[in-house]
Each structure stands twice: as structure tokens, then as C-alpha cells.
Amino acid sequence: MEIKTARKGPQGKESSVFDRLGAGRGGHLNNSSNKICKFWLSGRCLKNPCRFAHSETPDVATIHRPRQTPYYPHSSNALVSNTWQRAPRNSQNVQEKVVNHKSSENVPGKSESDLEDIKKKSPESVSESSSECSVVENDYNLENVVEEKPLEHVPKKSAERVCEFWVQGTCVYGDQCPYLHSWFRGDKFKMLAELQGHNKAVNGIALPLRCNKLCSGSSDGTIRLWDCHTGQCANVINLGGEVGSVCSEGPWLFVGMPNVVKVWNTESGAEYSLNGPVGQVNALESINDLLFAGVEDGVILAWKGTYETNITFQLAATLKGHTHGITSLVVGGNRLYSGSKDHTIRVWDHENWQCIMTLNGHDDVVKSLMCWAKYLFSGSLDCTIKVWATTEDGSLELIYTHSEEHGILALSGMTDPDVKPILYCSCSDKSVHLYELPTFTDRGRLFAKQEVQTLQIGPGGLFFTGDQTGLLTVYTWLAD
């Protein structure tokens with residue numbers, strides 16, 4: 001704002017623009033106050049008249065004093081660079097450092113052969129002895145570097161919302177309506193079906209091996225089995241307690257409930273109950289013959305299954321360290337990663353059951369974890385997704401932080417028909433964002449009536465969402 005320091009008075013003399021009515025140079029206002037205006041002293045008073053005294057001309061240097069800190073309007077898209085870079089190593093605390101490069105040659109510790117190694121991996125190809133994170137689907141070159149762009153050239157996101165009148169069937173504007181008349185936006189995918197049956201939040205979705213049923217668990221205390229061909233509900237299992245989590249391994253289906261984990265074999269029909277949890281089981285993860293359960297009291301229980309003469313599950317370990325409830329679990333190589341309400345991520349060696357490191361990067365509940373190649377993704381209610389990279393010595397470094405306008409509820413990922421890695425990010429604004437990695441380029445958005453708490457990928461380009469209304473929605477990628 002241009003500030004003029006003087007102007008001509010009626011007698012031809014120069015008078016300060018800050019000399020208000022009744023107050024000449026060195027004078028005072030004709031009111032009861034004899035105080036000098038502090039805003040006038042700093043050269044910022046814009047009132048005319050001002051009820052405080054403007055007794056002397058402010059110093060020009062004071063008027064034009066430069067701002068000490070540059071101001072940038074808040075925007076979740078104001079990223080100087082979305083290059084993934086490693087932070088300086090620190091064995092005690094992991095810290096983020098933003099380093100801007102314009103060439104992928106500057107990315108330390110990676111070669112072209114490394115990038116080829118992480119291509120075309122699948123969930124079934126996870127090495128048990130590896131200390132790296134497992135792969136969700138076929139991988140892509142996640143080390144690509146994006147050229148730096150000035151802040152003013154970063155496009156702003158347009159406000160997106162589904163038309164409430166369209167939802168009710170009463171919108172009269174048709175194509176002229178400024179809001180969306182669809183539950184999704186994006187190319188190369190479509191909605192296949194909406195599976196209605198649950199009357200409370202869907203908290204888990206699983207696809208047991210060699211089973212033509214999709215399984216969903218809900219806060220309404222039921223497990224529903226959906227026919228994958230017709231989309232009809234084939235069976236309802238009433239459990240009498242809230243289902244907090246669901247996962248599967250082979251033909252086995254695991255269901256987390258208050259104080260127990262229920263187990264079913266979808267081929268033989270055998271049923272088991274694993275006792276030991278104290279409180280609601282909010283997270284389940286299984287790999288080979290190991291089952292992990294994250295409980296509300298902050299404890300992680302591990303069972304080992306035996307499949308010889310008699311099928312049994314023996315409690316193998318009790319992992320303690322978190323001070324609040326467990327919210328998410330994921331296995332990558334020989335490591336178990338756990339997210340908690342205590343805002344931390346703990347890394348466990350599931351061979352000797354020891355906690356080998358704690359990651360302190362989030363400022364709120366860590367809601368979801370996902371492993372992809374050498375990377376660990378963590379989503380939190382602090383509105384950030386953090387990307388952690390495995391180093392040569394086996395530790396984890398924070399290399400990139402992506403910010404959203406709303407809290408993160410769930411993460412998942414797969415590749416599209418062009419074998420490009422797509423990250424699914426459910427937010428507390430009742431939508432799921434689709435991003436192409438590693439640039440976090442917008443690829444679409446899914447909308448729901450309530451928050452989507454559960455994401456699950458399936459075979460053949462299928463992916464699923466479960467929201468708090470109890471609706472389970474099926475989507476698929478479209479091949480060219």
C-alpha cells in the first residue's frame with residue numbers, strides 16, 4: 001500500500017496526512033483524550049478523525065519499515081517442491097528437511113537398478129527376510145523428481161461437493177448446476193455397485209482366498225458375506241458385539257471385537273475364538289502363520305497358527321510400548337509397523353518381538369499405515385501424509401510430507417491400467433482423494449454421505465470403500 005507522507009494544507013503549507021481534524025503539527029485533537037495514537041507513531045493509523053492525538057509527523061523510515069517475515073496466504077497446495085528427499089540422519093529424532101533439486105540424479109542412495117527392482121512387485125512377492133516395506137501392488141518409479149514451480153503458478157483446487165438437491169432427486173439445474181451430480185470424479189474408473197445392508201459404520205473389508213464372497217464387518221455387530229458375481233448379500237453373521245476390524249489370510253477370516261478375535265475358515269467352516277485382548281480390537285494384520293491384533297489398551301498381541309494335525313493358534317508374544325490405543329497395523333518384510341492414538345509409529349521385529357525404533361513425526365492420531373516398496377506411508381488426523389524411506393542401515397527417514405485440508409482416516413494403494421501407482425486417501429471431509437505417485441498428482445475423487453473409514457483393494461482393478469452409514473461401494477479401473 002502506497003503511503004503518502006504529506007499534502008498541501010489550505011494555506012499552502014505542507015501538513016501531515018496524519019494531522020487529523022483539529023490537530024495541527026504538534027497539536028492535539030479536540031476531545032477528552034490527550035494520549036498519542038500508538039498506531040500513528042508506527043505510521044499505521046488510518047482513522048480520520050482519530051480520537052487520539054497525532055502530535056508530530058512520524059518518521060518516514062518508520063512508515064516504510066519492511067515486513068520482517070514474508071507473508072504467503074495459507075494454501076494446502078502452496079508447495080515449493082514436492083520432491084521426495086531424504087532428511088539428515090539422526091539416530092535420536094527423525095527430522096524433515098526440505099531440499100529442492102531439479103534432477104533425479106541428486107536423489108541420494110538410489111540407482112536405476114534399484115528402481116527396476118521395485119517395479120512389478122505384488123503383495124504375494126514380499127520377502128520374509130527383507131527389512132523393507134512390502135509392496136501393495138505393481139510399483140512404479142517412486143523416485144521421480146518434480147521440477148520446482150513458483151508459488152503463484154501452483155493451481156488452486158476448486159471447491160468440490162456433491163449437490164445436495166441432486167442426492168434428494170430435486171435439483172432443477174441439470175448440467176448448469178455448479179455442484180457435482182455424481183458420487184465420483186475422475187477418468188479411467190467407474191462405480192460398479194453399492195452394497196446396502198449394514199446400518200452402522202463399515203470398519204473392515206476382506207477377500208478370503210479361494211472364496212467367491214466379499215466379507216464386510218460393521219459397528220452394527222454383523223459380518224456380511226456378499227456374492228462377488230451378483231452383488232447380493234449371501235449370509236449375515238450376527239456376532240452380538242461391535243466389529244472393529246477385519247482381515248484375511250488365505251482362506252482364513254479374522255474379525256476383531258471387544259476382548260476377542262473371531263476366526264473362521266471359509267473352506268471348512270471351522271470357527272475359533274482367540275481370547276486375550278482387553279478392550280476393542282481396532283486393528284488386525286496377518287502374514288503367513290502370524291496374526292497381530294492391536295487393542296484399545298495400547299497392547300499388540302501376536303498369535304502363531306499351526307496347520308498340522310490339529311489347527312491351533314498359540315499366543316506367541318505380547319508387544320507393549322504404546323501409551324494409548326492401537327489404530328493401525330501393517331507388516332513389511334520382517335517388520336511390524338503400528339500406529340497409535342499416542343501420535344507415534346513403532347517399528348517391531350516380528351522375529352524377536354522387539355521394538356527397534358519409534359517414529360515421532362505426527363501431531364495427532366496415526367490413523368493408517370501402508371507399505372509400498374521401500375516406503376512407509378502414514379496418515380494422521382493432523383492432516384498430513386508422511387513418506388518414510390528405508391535406509392541402507394535399516395533405519396527409517398522422513399523424506400516427504402503431503403498436507404491435506406482435513407484429517408486422514410485411511411490409506412490404500414494399487415496401480416492403474418497404465419501401471420502407474422495410485423494412492424487412495426480417505427479424509428474427514430467425506431471424500432477419498434486419488435493421487436498418482438510420486439508427484440501426488442490429482443487423479444480423481446470419491447464422495448460419500450459420511451466419512452469413509454475403510455479402503456480395500458481387490459483383484460482385477462477392483463477397489464472398495466466402506467463409510468459410516470454402512471454403505472459398501474465397489475469401483476473398478478477401466479482398461480484401455
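F189 is buried, and so is F463. I start with these two residues; keep in mind that this is a predicted model.

A pair of aromatic rings is described by the distance of the centres and the angle of the planes. For F189 and F463 the centres are 6.2 Å apart and the planes stand at 65°, so the pair is edge-to-face. F189 belongs to strand 4, residues 189-195, and F463 to strand 28, residues 462-467, so the pair ties together parts that are 274 residues apart in sequence. Both residues are also members of one aromatic cluster, made up of F184, F189, Y424, F463, Y475 and W477. In total the structure holds 15 aromatic pairs.

Another of the pairs is Y435 with F440. Here the ring centres are 5.5 Å apart and the planes are at 55°, so this pair is tilted. Y435 and F440 are both buried.

There is also a charge over a ring: the charged end of R161 sits over the ring of Y179, 4.7 Å from its centre.

Now the core. In soluble globular proteins, nonpolar side chains tend to be buried together. The largest nonpolar core in this model has 18 residues. Those with the most contacts inside it are Y375, F377, I385, L411, L423, C425 and F440. Which elements give two or more residues to this core? They are strand 19 (366-372), strand 20 (375-380), strand 21 (384-390), strand 22 (396-403), strand 23 (408-415) and strand 24 (421-427).

Take I385 from that list. Leaving aside neighbours within four places in sequence, I385 is in contact with F377, S378, Y400, T401, H402, I408, L411, L423, C425 and F440.

Two polar residues remain. S426 lies in strand 24. Its relative accessibility is 0%, so S426 counts as buried. What lies 2.5 Å from a polar atom of the S426 side chain? It is the backbone oxygen of V452. Not counting residues up to four places away in sequence, S426 touches G407, I408, L409, A410, S431, V432, V452 and L455.

E436 lies in strand 25, residues 431-436. Why does E436 count as buried? Its relative accessibility is 14%, and buried means under 20%. The side chain of E436 makes a polar contact with the side chain of R443, at 2.8 Å.

How values were computed
Residues are numbered from 1 along each chain as its sequence is written. This is a predicted model: local features need pLDDT of at least 70, side-chain atom pairs count only at pLDDT 80 or more; totals for chains, interfaces and linings use all residues. Side-chain values use heavy atoms; hydrogens and water are left out. A nonpolar core is a set of buried Ala, Val, Leu, Ile, Met, Phe, Trp, Tyr and Cys residues joined through side-chain atoms within 4.5 Å. Buried means under 20% relative accessible area, exposed over 50%, partly exposed in between (1.4 Å probe, protein chains only). Helices (H or I, at least four residues) and strands (E, at least two) are DSSP runs, numbered from the N terminus. Contact means heavy atoms within 4.5 Å. Rings of Phe, Tyr and Trp (its six-membered ring) pair if their centres lie within 6.5 Å; planes under 30 degrees apart count as stacked, over 60 as edge-to-face and the rest as tilted. A charge sits over a ring if NZ of Lys or CZ of Arg is within 6 Å of the ring centre and within 35 degrees of the ring normal. A polar contact is a pair of N or O atoms within 3.5 Å; within protein, one must be able to donate a hydrogen and the other to accept it, and residues adjacent in sequence count only if both atoms are side-chain atoms.
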